[in-house]
Amino acid sequence: MTSFNIPDDRHYHEAHLWLKATGVPGEYDVGITQFAQKQLGKILFVELPVTGATIAAGEPFGAVESNKIVSDLVSPISGTVLEGNALLRNAAHLVNEDCYGQGWIVRVKLDPSADLAGLLTAEIYGSRFARISPAR
Amino acid sequence: MKHLAILGGGPAGYVAASHAAAHGARVTLIDAKPLGGTCLHQGCIPTKVLVESCALLEKFKRADAFGLKISGELSADWASLKGRFTEIVSMLGDGIDQLMADRDVTCIRGYGRLLDRSTIGVNDQTVSPDAILICTGSRPKAQPSFNVDGAKIGTSDDLLNWSDLPASILIIGSGIIACEFACILDTLGVDVTIVASGARLMSSADKDVSVVLQRQMRKRGIKVIFNSRITSLSHGGSGVEAFCEEKIIATAERALVAVGREPNSRDIGLERAGISVNDNGDIVVDDLYRTDVPDIYAVGDVNGRSGLAHAASAQAKQAVDHALGRRYTMVRERAIPVAVFTNPEIGYVGRSEDEAKQDDLEYVVGKFDLRALGRAHALGEISGFVKVIVAKDTGHLLGLHAIGPHASEIVHEGALVIQKYGKAEGMRATVHAHPTIAEAVLEAVEDALGQATHKPLSNKRQANDVLQYS
């Protein structure tokens with residue numbers, strides 16, 4: 001079984017995205033996990049939502065194109081897009097190289113009603129790999 | 001021997017002439033311009049010549065990725081590009097002339113008009129045939145407030161005549177012509193901004209097709225402004241300003257107006273013959289393409305049914321067969337394929353998913369991403385997919401939608417199946433050659449029927465949802 005880095009300073013969503021508080025109340029950065037990044041393969045393009053767009057939990061807000069697949073980014077929470085990671089426009093490979101850092105995808109302002117209770121801790125997200133077949 | 005007179009020598013008119021003469025009719029073909037129509041002279045053909053140069057240029061730019069070293073400068077030369085399409089257009093035009101000569105079609109160069117229900121006047125002569133086909137086509141639509149002057153603000157007709165290309169351009173429109181020119185001009189180094197009145201490009205295509213097209217355009221730096229209905233264009237500053245009511249929403253050096261086409265139904269004597277048109281000016285026809293007058297047919301763009309050259313040709317053959325009392329096959333409009341030569345290319349036929357929904361059909365969707373195909377990687381063109389829409393209860397193919405390399409060719413598999421009221425199962429059983437883009441059709445059909453060979457197991461996708469195809 002391949003082991004994956006799952007930092008415990010953030011929340012996780014079952015669609016293999018993470019959310020990390022920026023320090024400003026209500027603001028979170030969102031990215032994809034190392035597991036997702038490995039599954040996708042070489043990432044070629046990230047379609048970012050525009051600033052000001054509203055995103056809804058469970059709805060696609062963008063897409064990641066790799067050399068293997070195009071995958072929708074399904075939002076873990078509801079909120080408003082503060083900015084997309086402009087670095088990715090010309091350097092989508094940052095998602096491969098540093099998915100928990102420079103390869104973040106969007107910064108969102110959570111809706112007041114948004115609930116983080118449905119998200120997973122690093123431990124619980126990590127335990128999922130016991131029942132998911134490892135990356136090919 | 002029946003005598004057929006045809007007004008207009010485009011893909012409706014000249015094909016009608018060829019078909020009628022081949023089946024024993026005496027044919028008079030009337031057109032003021034060289035034969036071939038908009039398709040040959042201002043449309044399909046010159047733009048496809050440009051598209052091919054652009055495809056080559058794009059590939060050369062990526063030569064490194066293909067393991068090729070090119071030294072020296074690579075650039076497009078507009079004058080030479082025009083020279084190439086002018087030569088090809090001229091050669092194909094000669095071909096049509098020869099075809100007409102081969103079939104002893106009498107070609108009259110002049111502007112023909114109906115004088116009454118059975119007579120056409122052209123130049124100083126009159127023609128009194130047994131039946132008439134009106135094939136006068138269409139022209140670019142442009143409202144007066146767009147101030148089309150041909151130089152700074154032009155239609156597709158004008159653009160092909162420009163002596164140089166601007167540094168930047170606004171393209172007003174979101175359909176086939178707008179999108180094709182956006183891709184061509186972007187490759188040729190023009191800074192392109194599309195202003196679309198709706199929420200997506202290519203609204204006649206399946207939504208998923210628009211998503212990929214828009215994403216590819218964004219990657220290349222083509223800007224698209226959605227939901228903006230331009231009310232006027234004006235010369236301002238050093239270029240053109242586009243207004244939504246009082247507000248300027250975009251500017252560029254020049255503008256291309258591609259907001260649709262309108263039928264050439266005026267000044268051809270319809271009122272003298274008692275032939276009616278609808279509010280759009282389209283000649284009203286029945287399913288046999290007959291106008292209000294027996295023995296006068298209207299086919300192609302002028303009847304407003306399709307706007308595609310191949311649809312015009314198909315309608316023309318049906319009308320000719322009917323006029324000559326031959327057995328005819330009705331054109332099945334649902335089975336007419338659409339080919340769009342954007343980058344990436346688009347091909348579709350039948351119903352989109354939205355149309356299937358509107359028609360209250362129960363359907364399943366199958367989709368296959370081209371980037372899972374070896375051939376797509378070898379081509380270096382991995383963006384795109386094939387999507388099929390299959391009737392849930394009967395398994396009939398309802399629609400096939402492709403975006404990516406060769407999409408305009410592989411769409412014909414779907415066209416044949418839909419034309420023959422065929423089923424997905426037959427497509428699944430058909431062996432598709434490897435390695436081809438057409439394999440995506442097979443995989444998409446397999447996906448619709450349950451499990452594609454090269455997709456993750458459908459029952460695992462829930463757990464592994466990062467691998468779901470968008």
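## Three-stranded sheet in chain B

In this predicted model, chain B contains an open sheet of three strands, arranged in the order β4-β5-β6 with antiparallel pairing. Its edge strands are β4 (112-114) and β6 (125-127) of chain B, each of which pairs on one side only. From one strand to the next, the twist averages 30°.

Three bridges connect β4(B) with strand β5 (residues 120-122) of chain B, and the pairing is antiparallel. Within this pair, Arg113(B) lies opposite Gly121(B) of β5(B). In a regular strand, side chains alternate between the two faces of the sheet.

## Strand pairing in chain A

In chain A, strand β8 (residues 79-84) pairs with strand β5 (residues 54-55) in the antiparallel sense, over two bridges. Gly79(A) in β8(A) is the bridge partner of Ile55(A).

Strand β8(A) is also joined to strand β9 (residues 106-110) of chain A; five bridges link these antiparallel strands. Here Thr80(A) has Lys109(A) of β9(A) as its bridge partner.

## Cysteines

The model has zero disulfides over all chains, a disulfide being a pair of cysteine sulfur atoms within 2.5 Å. For Cys135(B), the closest cysteine sulfur belongs to Cys107(B) and is 13 Å away, so the distance is too far for a bond.

Cys135(B) is buried, with a relative accessible area of 6%. In chain A, Cys99(A) is likewise buried, at a relative accessible area of 5%. Both values fall within the buried class because that class is defined as under 20% relative accessible area.

Notes
Residues are numbered from 1 along each chain as its sequence is written. Chains are lettered from A and ligands numbered from 1 in the order in which they are written. This is a predicted model: local features need pLDDT of at least 70, side-chain atom pairs count only at pLDDT 80 or more; totals for chains, interfaces and linings use all residues. Side-chain values use heavy atoms; hydrogens and water are left out. Two strands pair if DSSP finds at least two bridges between them. Helices (H or I, at least four residues) and strands (E, at least two) are DSSP runs, numbered from the N terminus. Axes are lines fitted to C-alpha atoms, for helices over the stretch in contact, and angles run from 0 to 180 degrees between N-to-C directions. Buried means under 20% relative accessible area, exposed over 50%, partly exposed in between (1.4 Å probe, protein chains only).
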